[in-house]
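Student: I would like a close look at a single part of this protein, namely one of its sheets, and then at the charged side-chain pairs that can be followed from there. Could you take me through it in one connected account?

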Amino acid sequence: MKKYIIYIAVLAVGFLLGWMFFGGNTTSTETVHKHNEATETNQMWTCSMHPQIMQPEAGDCPICGMDLIPAASSEEGLLADQFKLSKNAMALANIQTSIVGESVSNENLGFILSGKITENEDETATMPAHFNGRVEKLFVNSLGERVHKGQAVAQIYSPALIAAQQELITAYKLKASQPQLYNAVKNKFKNWMIHGKQLEEVEQTGQVKNSFTIYSHVSGVVTEIAINVGSHIMDGKPIFKVSNLNSVWANFDVYENQISQFKKGQNIVVTTKAYSNKEFKGKVDFIDPILDSKTRTVKLRVVLNNKNELFKPGMFVEGKIKAVDSSDKEEVLTIPASAILWTGKRSVVYLKSNANEPVFQIQEITLGNQFGDNYQVMEGLNNGDEIVTNGTFTVDAAAQLQGKKSMMNKKGGKVMTGHEGHLGMNNNSSEVKKPLNKNERIEVSKEFKNQLQVVFNDYIKIKNALAINDIKELKNQSKLLLKNVTKVDMKLLNDKKAHQHWMSSEKEIKAMANLMLNTADITMQRTYFKHLSSNMINILEVFGVNKEVYLLFCPMSDNNKGAYWLSTTEKVVNPYFGGAMLTCGDVKQVIK
């Protein structure tokens with residue numbers, strides 16, 4: 001019995017010792033696990049474009065829909081202006097850096113200019129009328145037709161010529177006795193550019209001709225016709241214009257800040273998509289001394305040999321030209337435009353301060369000339385510096401979030417982002433303000449809706465062009481929109497209220513399309529698009545089209561004032577930022 005009691009006592013002591021040695025470790029392990037779990041749980045997530053957003057877990061930004069990124073949590077060992085991003089944030093925002101200092105010589109730098117082929121106006125001539133009359137026949141009918149000197153171009157009836165022929169017949173009979181009278185009448189016809197067989201026939205037959213054929217005194221390709229059959233001509237007014245296309249002009253646009261880099265006599269290489277494997281050499285022949293105040297450009301002209309008629313007036317071309325100061329071999333420092341943030345006169349980039357860690361700080365720079373997609377750096381950077389070249393706006397947002405110096409905040413410190421009062425930012429509100437007062441729907445014919453659908457399709461193409469910064473396509477579609485709005489038949493609107501509603505909106509739509517067509521400033525085009533959208537929304541609410549249309553809103557557009565646009569799908573493709581924030585916005589209404 002004593003033996004069993006001893007065994008039980010030893011076993012109890014063993015359990016006690018085991019708990020003392022191993023039980024405490026279990027608690028420690030659990031504590032560490034819970035601590036790590038808590039650390040992971042405390043990771044906050046923010047939006048690169050809306051740093052005021054802070055959420056405890058990953059997801060989408062409630063404003064613009066962008067993926068949230070981890071917020072930096074530690075800045076130990078960093079200087080006052082420096083801040084750090086996590087590697088995860090770097091990857092999610094696709095932040096990329098490049099080393100500054102791969103400098104190139106000035107002789108390798110140059111500009112790429114966009115231009116257009118036009119007639120050489122020095123080789124252009126006008127065929128004018130030399131007397132008053134009416135066109136009975138026209139032998140030159142189409143543009144591009146070749147005309148040779150002495151070729152018959154038109155048959156003209158003129159009362160003045162009929163009276164003059166009577167004088168000629170009488171003077172011809174008195175030629176022997178009154179030669180001066182005869183010569184005076186002949187000179188009258190000579191001044192009218194009428195001579196030769198036509199006059200001889202009148203003299204010899206004694207019969208008055210009802211009409212005279214006029215002949216071209218110039219040769220070339222017809223580029224303009226000012227008359228047609230039945231129209232009246234007047235002494236001195238043009239009949240048609242011809243151009244010698246053996247040489248043409250290539251007119252290029254040069255921006256105001258680039259003017260100093262060009263001079264007369266510079267070599268230029270011209271290319272065109274029509275002959276992608278060919279290059280054409282020329283020289284700068286003329287630089288317009290007057291600046292276009294609307295486009296802030298001047299015209300640079302190049303005369304091109306065109307004996308093979310490869311260049312057609314109206315053709316788009318590109319010109320590659322070296323800068324004026326490219327003759328010296330000085331090395332220049334250049335950085336890509338994607339690295340630069342502009343705010344007024346300030347230009348800034350973000351330096352990567354630590355080669356091994358994602359630590360950044362803002363750096364103000366002074367820019368020189370633009371060379372293609374690159375800018376010359378005059379001050380602020382050195383060879384070997386590493387700068388952000390992709391995701392610059394994201395890095396700037398992170399700087400704002402952490403109270404560091406940023407593009408809009410020179411001194412640092414937490415700043416208000418300007419979005420706190422936007423629609424949807426009030427978490428206590430369960431409703432979003434209605435974007436529009438709902439208009440009363442007016443029933444219209446199917447034919448009118450079909451015509452309106454064409455206009456709406458043009459609007460959508462303009463919206464798509466803005467989303468990718470395609471100014472050329474934007475202008476093409478604006479021109480088409482103008483054309484198709486004009487084709488909408490108001491007679492299909494029988495209701496007086498509908499007629500008045502369409503009239504007022506049509507005027508605004510045409511005005512905005514015209515403004516977009518006649519400006520090259522895409523920022524202004526987006527402003528005009530906002531007003532165009534407002535009128536299109538109004539029209540669609542009143543008349544409708546043959547499909548569902550989605551009304552979207554972005555609070556950041558138009559300098560944080562917010563802007564609406566229309567779409568045929570629920571997918572957000574924002575036209576107000578040109579690819580920088582394509583997903584900013586959400587659906588506010590469905591127009592059926």
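Tutor: What follows begins with the sheet and then turns to salt bridges. Please keep in mind that the model is predicted. Four strands, in the order β12-β11-β9-β14, form an open sheet whose pairing is antiparallel. Because β12 (212-215) and β14 (232-233) stand at the edges with a single partner strand each, one side of each is left without a neighbour in the sheet. For β14, the link to strand β9 (residues 133-138) consists of two bridges, and the two strands run antiparallel; within this pairing, Arg 134 stands opposite His 232 in β14.

The side chain of Arg 134 also meets that of Glu 136 in a salt bridge, with 3.5 Å from N to O. Arg 134 is partly exposed at 30% relative accessibility, and Glu 136 is likewise partly exposed, with a relative accessible area of 34%.

The count of salt bridges comes to 12, and two others can be set beside this one. Lys 299 and Asp 253 form a salt bridge in which the closest N and O atoms are 2.7 Å apart; this pair links distant parts of the chain, since Lys 299 lies in strand β19 (residues 297-305) and Asp 253 in strand β16 (residues 247-255), 46 residues apart. Lys 299 counts as partly exposed at 39%, as does Asp 253 at 31%. Lys 510 and Glu 506 form a salt bridge with their closest N and O atoms 3.5 Å apart, and because these residues are four apart in helix α9 (residues 496-517), about one helical turn separates them. Here Lys 510 is partly exposed at 27% relative accessibility, whereas Glu 506 is buried at 9%.

Technical notes: Residues numbered from 1 in each chain as written. Predicted model: local features only at pLDDT ≥ 70, side-chain atom pairs only at ≥ 80, totals over all residues. Heavy atoms only, no water. Pairing = 2+ DSSP bridges. Salt bridge = Lys/Arg side-chain N within 4 Å of Asp/Glu carboxyl O. Buried < 20%, exposed > 50% of the residue type's maximum accessible area, 1.4 Å probe, protein only.
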